[in-house]
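These are notes for a colleague who is opening this structure for the first time. The points below go from the chains to their interface and then to single residues.

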Amino acid sequence: MADFGSSFDMPSSSSSETADAAELQRLIAVEQQKAQFQAQVHNFTDVCWDKCMPDKPSSKLDSRTETCLASCVERFIDTTLSITNRFTQMVQKGAH
Amino acid sequence: MDNFGSDFPSGSSGKMDTGTIMEQVKVQIAVANAQELLQRMTDKCFKKCIGKPGSTLDNSEQKCIAMCMDRYMDAWNTVSRTYNSRLQRERARI
């Protein structure tokens, strides 16, 4: 996924050009956020496919699989939060 | 993704139109997103559908791939909805 960077070096010799650059930066930040969301969905789908999909592809997603996928996403996020929190504590205590 | 400067007609003033730039940005993001989807889908469906690779893709393998693609997109949509709901729930707590 693209890295748009946080700075946008645009020549701004007038205040309207500065305003254009700021507006562009804001709009791009919005698209960047959407792109990050999509990237996360790709990651979650990758992980949760392995956890939840039955061996033989079926003609539609049954409700057990749907539930598994939803739970998988939620638990993966919970796991991420758990790890982040505990790691923060570990670092604060001076452990590595 | 490369620098945007070379892709746009600048016009006589040399200023780039915000709307045109944003259109191109959105298109490039969409293309990258589709490429990512196809790459991951291909990986999963190859693993699921192709056992010992033969000299061609036989009919059952082709059918499996088609079904697998549909299921992958169903799964992607489910994940997207779930993640979106979770984000909204987390934002509501703040």
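1. In chain B, 41% of the contacts between residues at least 6 apart in sequence join residues at least 24 apart.

2. Basis of the model. This is a predicted model, in which local features need pLDDT of at least 70 and side-chain atom pairs count only at pLDDT 80 or more, while totals for chains, interfaces and linings use all residues. Residues are numbered from 1 along each chain as its sequence is written, chains are lettered from A and ligands numbered from 1 in the order in which they are written, and side-chain values use heavy atoms, with hydrogens and water left out.

3. Burial and surface. Of the 96 residues in chain A, 24% are buried; of the 94 residues in chain B, 31% are buried. Here buried means under 20% relative accessible area, exposed means over 50%, and partly exposed is in between (1.4 Å probe, protein chains only). Chain A exposes about 6600 Å², with carbon and sulfur atoms supplying 53%. The accessible surface of chain B is about 6300 Å², and 53% of that belongs to carbon and sulfur atoms. These areas come from the Shrake-Rupley method with a 1.4 Å probe; for residues, only the protein chains shown count as cover.

4. Size of the interface. How many residues of chain A are in contact with chain B? The count is 39 residues of chain A, in contact with 36 residues of chain B. The area buried between the two chains is about 3600 Å², and carbon and sulfur atoms give 69% of it. A:H42, A:W49 and A:P57 supply 20% of the area that chain A buries against chain B, more than any other three residues. Buried area is the accessible area (1.4 Å probe) that two parts lose on being put together, summed over both.

5. Over all chains the count comes to 15 salt bridges. The elements giving two or more residues to the side of chain A that touches chain B are α1 (15-52) and α2 (63-92) of chain A. The largest share of that side, 19 residues, comes from α1(A). By class, the side has 21 nonpolar, eight polar and 10 charged residues. Ala, Val, Leu, Ile, Met, Phe, Trp, Tyr, Cys and Pro count as nonpolar, Asp, Glu, Lys and Arg as charged, and the others, Gly among them, as polar.

6. B:R40. This residue is in helix α1 (residues 18-49) of chain B. Is B:R40 buried or exposed? B:R40 is buried, at a relative accessible area of 17%. Leaving aside neighbours within four places in sequence, B:R40 is in contact with A:H42, A:N43, A:D46 and B:Y72. The side chain of B:R40 reaches the backbone oxygen of A:H42 at 3.5 Å. A polar contact is a pair of N or O atoms within 3.5 Å; within protein, one must be able to donate a hydrogen and the other to accept it, and residues adjacent in sequence count only if both atoms are side-chain atoms.

7. B:R86 and A:E74. The side chains of B:R86 and A:E74 meet in a salt bridge (2.7 Å, N to O). This pair crosses between chains, from B:R86 in helix α2 (residues 59-93) of chain B to A:E74 in helix α2 of chain A. B:R86 is buried at 7% relative accessibility, and A:E74 is buried with a relative accessible area of 12%.

8. Further partners. A:E74 lies in helix α2 of chain A and B:R89 in helix α2 of chain B, so the pair joins two chains. B:R89 is partly exposed, with a relative accessible area of 44%. A:D78 forms a salt bridge with B:R86, the closest N and O atoms being 2.8 Å apart, and A:D78 is partly exposed at 28% relative accessibility. Salt bridges that share partners join A:E74, A:R75, A:D78, B:R86, B:R89, B:E90 and B:R93 into one network.

How values were computed
Contact = heavy atoms within 4.5 Å. Salt bridge = Lys/Arg side-chain N within 4 Å of Asp/Glu carboxyl O. Helix = DSSP H or I, 4+ residues; strand = E, 2+ residues; numbered from the N terminus.
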